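These are my notebook entries on what I looked up, in the order in which I looked it up. I begin with the ligand and then move on to packing and backbone geometry.

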Amino acid sequence: VDISTSISGTTLPNVFFNASGVWCQHEDELQAMVESHSGALITKSATLAPRQGNPSPRYLPLPLGSISSMGLPNEGYEYYLRYACSFNYSRTKPLFISLSGLSLGDSVKMVEAFVAADLPCMLEINFSCPNVPGKPQLGYDFEAMDAALATLAPLIKKPFGIKLPPFFDIAHFDLVAAVCQKYSNLAFLTCVNSIGNGLAIDFETETALIKPKDGYGGLSGAMILNTALANVNAFYRRLPDKQIIGVGGVASGKEAFLHILAGASAVQIGTQLMEEGPAVFERLNKELAEIMAAKGYNTIEDFRGRLKTL
Ligand SMILES: CC(C)(C)CCc1c(C(=O)O)[nH]c(=O)[nH]c1=O
């Protein structure tokens, strides 16, 4: 993302934007993102038809992050297509569009509509989207993932990205990287989505904290930072021709620095944006610039991916 940030005399690229799902479902939220100090913005994952999502409470902050089971509440893809058609691409920051079809057929229909509109926005296809009931999410069904990419990549033609769930097994990093390598216009991977199906329990009431799915929900925030760093670095090492967008546990310039050290080219903010609001971006840019100055780095490329090992 090439919106430069002139902080403390240096002009740094602004690597920060929102994680899909946070501060991006409605036009007023998206406008707040445009007006914020973020370097880009992304819309809530869209489905073919509008969705209310799950009953509340469906998001809760926790001591070390958050748990959520939103259920894909969104305005339907045509709302975001209209937004993308009327977006002013010249003066503001890059617009990313997240799509999360409930089936491959739905994803094809949404992709075809965006391709037909031929807009400068960038597609991030959500591979944590539900798959056939009873089967794992697309991101955990490697044959289905390959089949989806074999269908979608040629349709999209232009560079696009996918949002991946976290992986926890070296063989899975290898398998997923091998699938992704097959698609040359798959330009970036956004790692990671929330850690699926965690459970937060209230000690006093002995009750699950969120209402949907018997309290099972995605874990985000500080508690997933080290999993996110591992996924960013694993795919950075395995896919030198692609870019990695890091997301997971970034609450300050320090975690953003670690994501970039692990190989991230841009950084998305979820839980911390949910808790702090769009003002978080001015603070993050300032903190990252201060860390870079203290360490003697002038540009992101001075340290991106330069993680050392023992
Ligand atoms: C979890 C799904 C509802 C299948 C996809 C949308 C989504 C949600 C959501 O809308 O519940 N939450 C996440 O942390 N990540 C996601 O990708």
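How many nonpolar, polar and charged residues does the shell around the ligand have? I note at the outset that the model is predicted. Sorted by class, the shell comprises four nonpolar residues, six polar residues and one charged residue.

**Entry: the ligand site**

I listed the residues around the ligand and found K44, then the run S69, M70, G71, L72 and P73, then N126, S128 and P130, and finally N193 and S194. For K44, a polar atom of the side chain lies 2.9 Å from an oxygen atom of the ligand. For N193 the ligand atom is a nitrogen, and an N or O atom in the side chain of N193 is 2.8 Å from it. As for cover, the ligand on its own has 390 Å² of accessible area, and the protein covers 75% of it.

I turned next to the packing of nonpolar residues. In soluble globular proteins, nonpolar side chains tend to be buried together. Here the largest nonpolar core has 87 residues, and those with the most contacts inside it are I125, I162, L164, L189 and F235. Helix α4, residues 142–156, supplies the largest share of this core, with eight residues.

I took F235 as an example and set aside residues up to four places away in sequence; what remains in touch with F235 is L164, F167, F173, V176, A177, L189, C191 and I244. There is also a second, separate core of seven residues, among them F17, F96, F188 and I245.

**Entry: helix α7 and H259**

Is helix α7 mostly covered or mostly open? I found helix α7, residues 253–261, to be mostly covered, with seven of its nine residues buried. The buried residues of α7 are G253, E255, A256, F257, H259, I260 and L261. The elements that cover them include the strands β3 (16–18), β15 (243–247) and β16 (264–269), together with the helices α6 (225–238) and α9 (280–295). After α7 comes G263, which has a positive phi, near 130°.

Why does H259 count as buried? H259 counts as buried because its relative accessibility is 0%, where the cut-off for buried is under 20%. Apart from neighbours within four places in sequence, the contacts of H259 are L225, A228, L229, V232, G246, V247, G248, V250, A264 and V267.

**Entry: cis peptide bonds**

I checked omega next. The peptide bond from S56 to P57 is cis, with omega near -5°, and P57 is found in the loop between β4 (41–42) and β5 (59–62). Another cis peptide bond joins C191 and V192, with omega about 10°; V192 lies in the loop between β10 (186–191) and β11 (195–199).

**Entry: positive phi outside glycine**

Which class does D118 fall into, buried or exposed? D118, a residue other than glycine, has a positive phi near 50° and sits in the loop between α3 (104–117) and β8 (122–126). Its relative accessible area is 58%, so D118 is exposed, the cut-off being over 50%. N197 is also a residue other than glycine with a positive phi, here near 55°, and its place is in strand β11. With a relative accessible area of 47%, N197 is partly exposed.

**Entry: two further helix residues**

T227 lies in helix α6 and has a relative accessible area of 17%, so it is buried. Leaving aside neighbours within four places in sequence, T227 is in contact with P166, F168 and I195. N285 lies in helix α9 and counts as buried at 6% relative accessibility. I also noted the separation between N285 and T299, which are 14 residues apart along the chain: their C-alpha atoms are separated by 13 Å.

How values were computed
Residues are numbered from 1 along each chain as its sequence is written. This is a predicted model: local features need pLDDT of at least 70, side-chain atom pairs count only at pLDDT 80 or more; totals for chains, interfaces and linings use all residues. Side-chain values use heavy atoms; hydrogens and water are left out. A residue is near a molecule or strand if one of its heavy atoms lies within 4 Å of it. A polar contact is a pair of N or O atoms within 3.5 Å; within protein, one must be able to donate a hydrogen and the other to accept it, and residues adjacent in sequence count only if both atoms are side-chain atoms. Accessible areas come from the Shrake-Rupley method with a 1.4 Å probe; for residues, only the protein chains shown count as cover. Ala, Val, Leu, Ile, Met, Phe, Trp, Tyr, Cys and Pro count as nonpolar, Asp, Glu, Lys and Arg as charged, and the others, Gly among them, as polar. A nonpolar core is a set of buried Ala, Val, Leu, Ile, Met, Phe, Trp, Tyr and Cys residues joined through side-chain atoms within 4.5 Å. Buried means under 20% relative accessible area, exposed over 50%, partly exposed in between (1.4 Å probe, protein chains only). Helices (H or I, at least four residues) and strands (E, at least two) are DSSP runs, numbered from the N terminus. Contact means heavy atoms within 4.5 Å.
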